[in-house]
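Subject: Handing over the structure

Hi,

Here is the structure I promised to pass on. Have a look at it first, and then read on for what turned up.

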Amino acid sequence: MLEGRVLSSETPDGTIPESGCFHCGLPIPPDDDVVARIEDEQQHFCCTGCKVVCEAIYEAGLEGFYRRTPEDASLAPPPELPKELALYDLDEVQEEFVGDLGELRDIHLLVEGIHCAACVWLIEHTLRAMPGVAHASVNLSGKRLHLKWHNQQLKLSRIIERLGQIGYAAVPYDPEVAEGKLKRQNRNLLYRMAFAGFGMMNLLWISIALYSGADQGEFRGMFHWVGFALATPVLLYSGHPFFKGAWAGLKNFHLGMDLPIAIGASITYLYSVYVTLSGSQLGDVYYDTVVNFLFVILVGRYLEAISKRQAVASTQRLLDLQPRVATVLRDDQEELVPIRAVQRGELVLVRPGERIPVDGTIVEGESALDEALLTGESLPVEKGVGASVSAGTINGHGMLKIEVEGALKDTALGRIIRLVEEAQASKAPIQCVADQIVPWFVAVTLALGSATFLWWLQTDFEVALLAATSVLIITCPCAFGLATPMSIAVASGLGAKYGILVKNGEVLESLSSINHVVFDKTGTLTEGRMSLVAVHSAAGRWQISDDESMPEPLVDLLRQLAALERYSEHPTAQAILSWVEQQGGDYRKIAVNSFKNHPGMGISGEVAGRELIAGSAAWMERSEVTRLSNLDQAEQELQAQGVGVIHLALDGKEQLLIGIEDRIRPDAPQLIADLKAEGMQLTLLSGDRRQTAEAIAERLGGMEVIAEVLPEQKDQVIAGLQRDGHKVAMVGDGVNDAPALVRADVGIAMGSGTDVSIASADIVLMSSELEKVRLATGLSRRTLRTIRQNIGISILYNIIMVPLAMAAVVTPLVAAISMPISSLAVISNAARIRTLFRGVDSR
């Protein structure tokens with residue numbers, strides 16, 4: 001048993017004890033000794049917080065906490081309580097963390113300050129003593145408190161405050177109820193699959209013995225009973241989802257895939273039970289067939305469940321972009337309030353680097369906003385008083401006051417979330433031919449089995465039962481069920497090997513019929529980052545991609561510019577810094593004074609004792625710079641190509657014109673040419689300016705351009721193309737592409753894109769190589785052809801074997817052997833897809 005903490009820090013002469021603080025044991029600063037009388041003894045504390053906590057513990061009669069605390073345990077002073085505790089009493093706040101906003105509420109709190117089992121004891125006993133607390137239990141390893149309380153009798157803020165009084169800071173913890181439910185469902189399915197796998201492995205030994213001759217010997221009955229003991233719990237536990245689904249389908253007059261699975265497993269099992277109980281020498285048991293069949297189907301169900309969970313994640317990632325709190329100005333005071341409590345017309349303060357929490361209008365301040373996640377625009381957008389801002393965008397260098405016009409669902413981000421959800425709901429799953437046949441197939445199977453039984457019943461009951469069972473076993477839709485998923489599984493694995501991640505296998509069917517490809521510009525056809533591409537001066541021009549070296553005086557000018565730009569957060573600054581660093585030379589050693597950032601215009605400062613100005617042409621005019629006339633024509637040429645420009649002046653005289661652009665990916669022109677050769681219609685869809693987008697399209701070889709579109713409009717463009725009869729594939733990488741990726745018949749995301757775009761897409765190009773788009777279309781065509789071949793194999797198998805089973809030529813044993821043969825044929829044909837990319841580099 002652990003020895004408790006020493007319960008006294010009193011000294012005879014009143015000096016500070018060497019044992020430290022009475023509560024936490026930490027050393028007591030000489031000038032900060034806090035004294036209090038605890039049980040008529042003077043005790044010393046390191047701070048007022050420890051003194052208050054200790055007094056609260058003793059007043060509650062919970063001094064046993066100190067005896068239960070290990071002697072070597074360090075409690076530490078109490079952490080700071082969360083601010084604005086009253087906010088946690090609002091239903092608008094609690095609905096994010098509480099499942100049911102009734103009178104009895106349930107919440108998980110993340111508790112700071114828990115160190116040992118004594119902390120668990122103290123928290124639980126303190127809260128259970130509070131009137132209104134129905135349940136309190138602490139998870140020591142997770143430092144979480146599971147709390148149930150009567151909301152009418154006790155407020156949550158009072159509970160958190162009480163925890164603070166005994167030395168613990170608690171905040172609501174989101175237990176992710178929805179995702180937790182999905183996890184539980186998937187875990188349950190995994191358990192059923194594992195149980196079936198365990199039964200299958202053990203039954204294999206029984207089957208080997210029976211097929212090796214034991215079915216004719218004295219141990220025949222024993223092996224049958226062992227098989228019965230293994231198969232029965234597997235059928236009841238692992239087969240439960242199929243029986244439940246079959247019954248639900250029958251109640252709704254629908255013949256689904258669960259029904260033939262349930263019938264096949266039940267009839268085969270019941271016949272095996274009949275043979276086991278009757279001791280008949282004519283029949284054989286097929287317990288292994290039952291268990292193997294269930295295991296294979298459960299594997300497919302589990303993989304399907306995992307993909308469903310991934311589909312839900314895209315909306316959650318969009319929600320994560322929405323700030324949960326905002327700094328609201330009320331009565332000239334800053335208040336941190338939950339975003340749900342922010343009202344239209346209020347003023348919100350946004351500091352540099354923070355995400356904009358609402359849609360609104362700037363009423364004070366100016367800054368550069370990073371809107372790339374929403375608009376796809378690679379450059380930050382300079383905004384000042386009167387400009388509109390959107391929730392989820394990132395504030396740059398300035399402090400902003402924003403008048404709220406919309407929050408949560410009423411923001412542009414909220415509309416994107418709603419569009420993604422609507423598109424997911426309206427996107428009907430592709431039904432393979434097997435799914436369309438199965439309801440009729442089941443009915444025909446039952447009819448043929450019944451007819452076979454009635455026909456042979458006139459001759460012999462056991463022959464009739466064997467023949468009918470053979471029909472049901474041999475016509476089991478296993479091969480039909482494997483025709484599509486097996487082909488897709490092989491194709492998905494092959495695609496992953498070559499950097500094509502197929503997240504929704506069915507999309508391979510849809511991709512084969514695509515006739516229109518829509519490309520996002522920024523980050524898809526371009527690299528998604530700014531680069532220095534050209535430099536013009538009075539002496540000439542230099543393309544960065546050329547082998548010709550730039551004169552050292554110009555390189556030195558760019559180094560001086562880099563010395564100034566290193567104080568700027570603008571993406572163009574990063575492009576210049578990156579290029580200069582590649583050239584060598586330490587620009588950081590160059591002296592810089594009086595740096596100034598002029599939002600929307602440029603920068604200025606003193607570099608190496610000389611005045612340097614860089615920015616737009618308007619900034620040059622405003623600064624009264626002497627211009628170089630030959631650079632005007634160069635600026636027009638660059639802008640016609642979609643290239644941005646920066647003017648550089650030194651001591652009042654213009655020196656350079658620098659071209660900056662988001663470069664086209666090297667493999668983009670070839671992809672466009674290949675797709676055109678295949679007869680695809682192509683569209684460039686972008687939130688950029690039309691001039692920039694058209695210039696990019698022209699350099700790529702020409703295609704239709706739709707520019708200056710908002711996120712909502714991208715989704716509408718895709719929907720419009722679909723209404724016109726086009727089968728559309730969308731290739732993108734930004735959050736603003738998410739609704740369009742989901743709405744399209746096939747959504748393809750670049751691996752360098754955002755989590756949201758990747759989660760919303762059907763296919764992800766892992767290496768961001770555009771050539772993978774063409775490879776994906778080839779893979780889809782091969783997959784669809786293989787699916788059709790597999791369905792043909794399944795139909796041919798049934799045309800041959802079903803008449804033989806009805807004629808009682810095929811026994812259940814032969815039927816059980818023949819059934820997997822048809823499946824093996826399907827699997828072998830699907831495996832041939834792996835030969836598609838021979839000669840292609842998989843890296």
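**What turned up**

Let's start with helix α7, where Arg220, Phe223, His224, Gly227, Ala231, Thr232, Val234 and Leu235 are buried. Buried means under 20% relative accessible area, exposed means over 50%, and partly exposed is in between (1.4 Å probe, protein chains only). Helices (H or I, at least four residues) and strands (E, at least two) are DSSP runs, numbered from the N terminus. Helix α7 covers residues 220–237, and its 18 residues should span 26 Å at 1.5 Å a residue, which agrees with end C-alpha atoms 26 Å apart. That expected span is 1.5 Å times one less than the number of residues.

Before going further, two notes on the source. This is a predicted model, so local features need pLDDT of at least 70 and side-chain atom pairs count only at pLDDT 80 or more, while totals for chains, interfaces and linings use all residues. Residues are numbered from 1 along each chain as its sequence is written, and side-chain values use heavy atoms, with hydrogens and water left out.

**The whole protein**

The protein has 28 helices and 28 strands. Of its 843 residues, 50% count as buried. Among contacts (heavy atoms within 4.5 Å) with a separation of 6 or more, 66% are between residues 24 or more positions apart.

The UniProt record (an unreviewed entry) places the feature "transmembrane region" at residues 189–211, 223–243, 255–273, 285–303, 437–457, 463–483 and 791–809. UniProt positions are in the numbering used here, feature names are shortened, and annotations may be inferred rather than shown by experiment. In the model, residues 223–243 are 90% helix and 0% strand, with end C-alpha atoms 27 Å apart. Residues 791–809 come out at 84% helix and 0% strand, and their end C-alpha atoms are 25 Å apart.

Seven strands make an open antiparallel sheet in the order β18-β17-β23-β22-β21-β20-β19. Two strands pair if DSSP finds at least two bridges between them. β18 (540–543) and β19 (592–598) are at the edges with a single partner strand each, so one side of each has no neighbour in the sheet. On average, neighbouring strands here are turned by 20° against each other, direction ignored. For angles, axes are lines fitted to C-alpha atoms (for helices, over the stretch in contact), and values run from 0 to 180 degrees between N-to-C directions.

Two helices to look for are α19 and α21. Helix α19 (residues 571–583) packs on the sheet, touching β17 (526–537), β22 (644–650) and β23 (653–664), and its direction makes about 70° with that of β17. Helix α21 (residues 630–640) lies across β17, β18, β22 and β23, at about 10° to β23.

The other sheet has six strands in the order β8-β7-β9-β14-β10-β13; it is open, with antiparallel pairing. Its edges are β8 (333–338) and β13 (388–389), each with a single partner strand, so one side of each is left without a neighbour in the sheet. Within it, β9 (residues 347–350) and β14 (residues 400–406) run antiparallel, joined by four bridges. Val348 has Ile402 in β14 as its bridge partner.

**The cores**

A nonpolar core is a set of buried Ala, Val, Leu, Ile, Met, Phe, Trp, Tyr and Cys residues joined through side-chain atoms within 4.5 Å. The largest has 47 residues, and Val517, Phe519 and Leu684 have the most contacts inside it. Helix α27 (residues 771–806) gives the most to this core, with six residues. A second, separate core of 31 residues includes Leu557, Leu558, Ala562 and Val592.

Finally, helix α23 (residues 690–700) has Thr692, Ala693, Ala695, Ile696, Ala697 and Leu700 buried. Their cover includes α17 (521–525), α21, β23, α22 (668–677), β24 (681–685) and β25 (704–706). Just after α23, Gly701 takes a positive phi of about 120°.

Over to you!
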